[in-house]
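Please brief me on this model.

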Amino acid sequence: MTGPEVEPGLVSTIVPVHDRPVLLEEAVESVLGQSYRPLEVVIVDDGSTDETPRVADRLAAENPATVRALHVARGGPGRAREAGRRAARGEFLQYLDSDDLLVAGKFESQIAALRTDTAAGVAYGWTAYRPDGRSVGDRPWKRTGERIERMFPSFLQSRWWGTSTPLYRRSVTDAAGPWSDLWNEEDWEYDCRVAALGVRLAFVPRLVSIQRGHDGTRLSRAVSSDPEKLRNRALAHARILGHARRAGIGPRAAEMRHFARELFLLARQCGAAGLARESRELARLSRLASRGGGRGLDVWLYSGLAGVVGWRRLGRLAGGLDRLR
């Protein structure tokens, strides 16, 4: 499938949304308030059941030259972002979750950084976290205040920015390919796919976006107690390991050793939730990630014991022991 013709200099902001009419308006306003032009906003209504579709259509009607509203069947954040990516016409792509905000001057500063460093494929800057929408200052959140040259290997330890933080060249997102249909950790998996390309980062030492906490529905909540969310996390982790290995990150790297432990802990959570197949596969991947790195004996012992008592029973036992510590 071929997409629309790319317009040089255009920034396309893709905003997936589900049942967030007020937050959607605020997110879109933060894009329209950018000093940089040209830009476009592609709202992707992901099967909303409240006022959100009407708000999206109104924003498009009020800004016909800039805002478009797409309506798709409920498919989750990855599929919604992918629908927006296929419709986007920009040379640069910005993903913006509907509960977050861009800071004035973001596009201007990040595009200037990309045009200065023509070898860089992604620009990022500081993101501030504001729980419940309250301002707690503009200190950099996670590692967004650090100058980091490439996404790997650090992205194996964590996704250290928010969806609103980076601005991508279209050529990078085209090379990374489509978003997955995962409902959890699809953003981490996507960025690790970008990381595997080895693209260089351009750092802008200023505030560029705001990650907001709120009491509304978030797919990232209650992950450890929801079997379906755990299943999605298991798939995402397996793919992330594959991206890291293709990028040449070996078991002796500190970041790979950290990720091997993450795989093992997730294997135990999946076992406790009754996901025996996922638990077994994650334990196997943890051993693979640890091979030759001086770790992994506990994973081997755990796997052997699980073969005797069962993955679900051992996962629940291990979880109970963890809570007693």
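Predicted model: local features only at pLDDT ≥ 70, side-chain atom pairs only at ≥ 80, totals over all residues.

P38 lies in the loop between α1 (21–32) and β2. Residues are numbered from 1 along each chain as its sequence is written, and side-chain values use heavy atoms, with hydrogens and water left out. Helices (H or I, at least four residues) and strands (E, at least two) are DSSP runs, numbered from the N terminus.

**Other loop features**
- The loop between β6 and β7 holds P153. The bond from F152 to P153 is cis, with omega near 10°.
- D19 sits in the loop between β1 and α1. D19 is not a glycine, yet its phi is positive, about 55°.

**The sheet**
- An open sheet is built from 8 strands, ordered β3-β2-β1-β4-β7-β6-β8-β5, with mixed pairing. Two strands count as paired if DSSP finds at least two bridges between them.
- The edge strands are β3 (67–72) and β5 (101–102), and each pairs on one side only.
- Strand β1 (residues 7–17) runs parallel to its partner β4 (residues 90–95), over 5 bridges. I14 stands opposite Y95 in β4.

**Helices on the sheet**
- Helix α2 (residues 52–62) packs on the sheet and touches β1, β2 (39–46) and β3. Contact means heavy atoms within 4.5 Å.
- The direction of α2 makes about 150° with that of β3. Axes are lines fitted to C-alpha atoms, for helices over the stretch in contact, and angles run from 0 to 180 degrees between N-to-C directions.
- Helix α4 (residues 106–116) also packs on the sheet, touching β1, β2, β4, β5, β6 (120–130), β7 (167–169) and β8 (200–212). The directions of α4 and β8 make about 165°.

**Helix against helix**
- The axes of α3 (residues 77–87) and α6 come within 9 Å and cross at roughly 50°. That makes α3 oblique to α6; angles under 35 degrees count as roughly parallel, over 145 as roughly antiparallel, 65 to 115 as roughly perpendicular and the rest as oblique.
- P77, G78, R81 and R85 of α3 meet E186, D187 and Y190 of α6.
- By class, this contact has 2 nonpolar, 1 polar and 4 charged residues. Ala, Val, Leu, Ile, Met, Phe, Trp, Tyr, Cys and Pro count as nonpolar, Asp, Glu, Lys and Arg as charged, and the others, Gly among them, as polar.

**Cavities**
- There are 2 cavities of 30 Å³ or more. On a 1 Å grid over the protein atoms alone, a cavity is a set of points where a 1.4 Å probe fits but cannot get out; lining residues have an atom within 4 Å of a point.
- The second largest cavity has a volume of about 30 Å³. Grid points are joined across faces, edges and corners, and a volume is the space filled by probe spheres set on the points.
- Its lining consists of Y95, R159, T163, Y168, W179, D187, Y190 and D191. Helix α6 (residues 186–196) gives the largest share, 3 residues.
- That lining divides into 4 nonpolar, 1 polar and 3 charged residues.

Key:
1 Å grid on protein atoms, 1.4 Å probe; cavity = no way out; pocket = protein on both sides within 12 Å on 5 of 7 lines; lining within 4 Å.
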